[in-house]
Amino acid sequence: MNALTTHPQSAWLVTATAPALAAAAILVTALLLRRPLALLVAEAQYRRRRPPKHLTIAPALVWTPETLAPERLVAWCLGLALGLAIALALIAPLHLALLLGAPLTVLAGWGLLVAAERRYVARLESELTAAVGRLGALLKGGASLRIALEQIVAELPAGPLRAEWSFLITRQGAPLNDGIATPQQVIAALADQTPSRRHATLLNHLGAAAAQPLDVLARRCEAAYEALQASERRRDEVATELAQVRYSGVAVGLAGIGMALYLVWSQWERMVQAYSTPAGLLVGPLVIGALVLPIIGGMLLARFEDIDY
């Protein structure tokens with residue numbers, strides 16, 4: 001508002017027109033296309049987790065881990081799209097706000113999907129070491145692989161590891177084109193489809209020993225259990241050392257974001273004028289990226305993998 005505003009008490013209605021139209025467009029899209037969008041997201045999730053083309057997996061042995069329900073992901077994305085559309089409509093024309101909001105929403109949705117998969121893998125691997133130790137003890141006590149898996153699955157809490165080991169039990173004996181599914185085939189199929197590299201490595205070891213005598217399988221499990229324990233110790237040591245890298249990146253990023261927020265608070269009108277121009281619409285994402293890159297870099301540099309068993 002400026003000196004030319006004739007009715008400042010109601011001028012906010014004019015300012016709110018573009019955000020209201022953007023919100024209405026997103027809500028109508030959510031109402032009409034939520035189901036098709038959920039099917040599209042489910043297809044994208046399947047394509048992301050699909051094994052490489054050179055691997056042929058029988059339909060009866062296809063495993064789809066439930067990292068994030070498509071309906072939930074669509075709801076999150078629609079909420080993000082609504083917030084982005086309203087925010088961008090305040091500083092840009094309506095058509096540009098909707099145009100820029102679409103790719104940003106897609107990127108945010110992809111990030112949510114990746115984060116959900118990482119949570120799935122982290123939860124699975126947090127339960128894996130104890131479960132493998134229990135499996136080795138049961139095999140050493142004379143239980144068969146199937147009976148040992150059934151006992152462990154009955155004791156596990158609901159979660160990724162229970163779901164994947166239940167797959168190992170329920171798919172044994174499933175009809176295939178050339179017969180029925182053997183334990184080795186089921187284990188190999190799950191190793192190719194699980195999102196956890198650590199679990200896939202373990203399954204490959206089990207699959208190679210599943211047809212061998214029980215004592216060989218038990219020794220394999222004991223060796224895997226010892227290696228997993230050693231790996232957990234190495235993981236804790238490295239995580240402690242790399243924590244400083246993460247904290248430094250977060251500190252630098254938060255400092256830059258804090259200064260940017262202070263400038264926005266103290267010079268809001270100038271910020272709006274600067275970033276509502278065509279050049280500002282291009283420079284704005286670059287500035288935001290420069291502010292968050294130290295945080296992202298610290299997080300990425302603090303990550304590591306260890307599957308040396």
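**Salt bridges and exposure in a predicted model**

Colleague: Why is Glu-155 called exposed?

Modeller: Its relative accessible area is 51%, and exposed means over 50%, buried under 20% and partly exposed in between, with a 1.4 Å probe and protein chains only; Glu-155 is therefore exposed. This is a predicted model, in which local features need pLDDT of at least 70, side-chain atom pairs count only at pLDDT 80 or more, and totals for chains, interfaces and linings use all residues. Residues are numbered from 1 along each chain as its sequence is written, and side-chain values use heavy atoms, leaving out hydrogens and water.

Colleague: What makes Glu-155 and Arg-134 a salt bridge?

Modeller: Their closest N and O atoms are 3.1 Å apart. The definition asks for a side-chain nitrogen of Lys or Arg within 4 Å of a carboxyl oxygen of Asp or Glu, so the pair of Glu-155 and Arg-134 qualifies. Arg-134 is partly exposed, at 34%.

Colleague: How many salt bridges does this rule give?

Modeller: Five. One of them joins Arg-198 and Glu-125 at 3.8 Å, N to O. Arg-198 lies in helix H8 (residues 197-209) and Glu-125 in helix H4, so the pair ties together parts that are 73 residues apart in sequence. Helices here are DSSP runs (H or I, at least four residues), numbered from the N terminus.

Colleague: Why are Arg-198 and Glu-125 called buried?

Modeller: Arg-198 has 1% relative accessibility and Glu-125 has 14%. Buried is under 20%, so Arg-198 counts as buried and so does Glu-125.

Notes:
Helix = DSSP H or I, 4+ residues; strand = E, 2+ residues; numbered from the N terminus.
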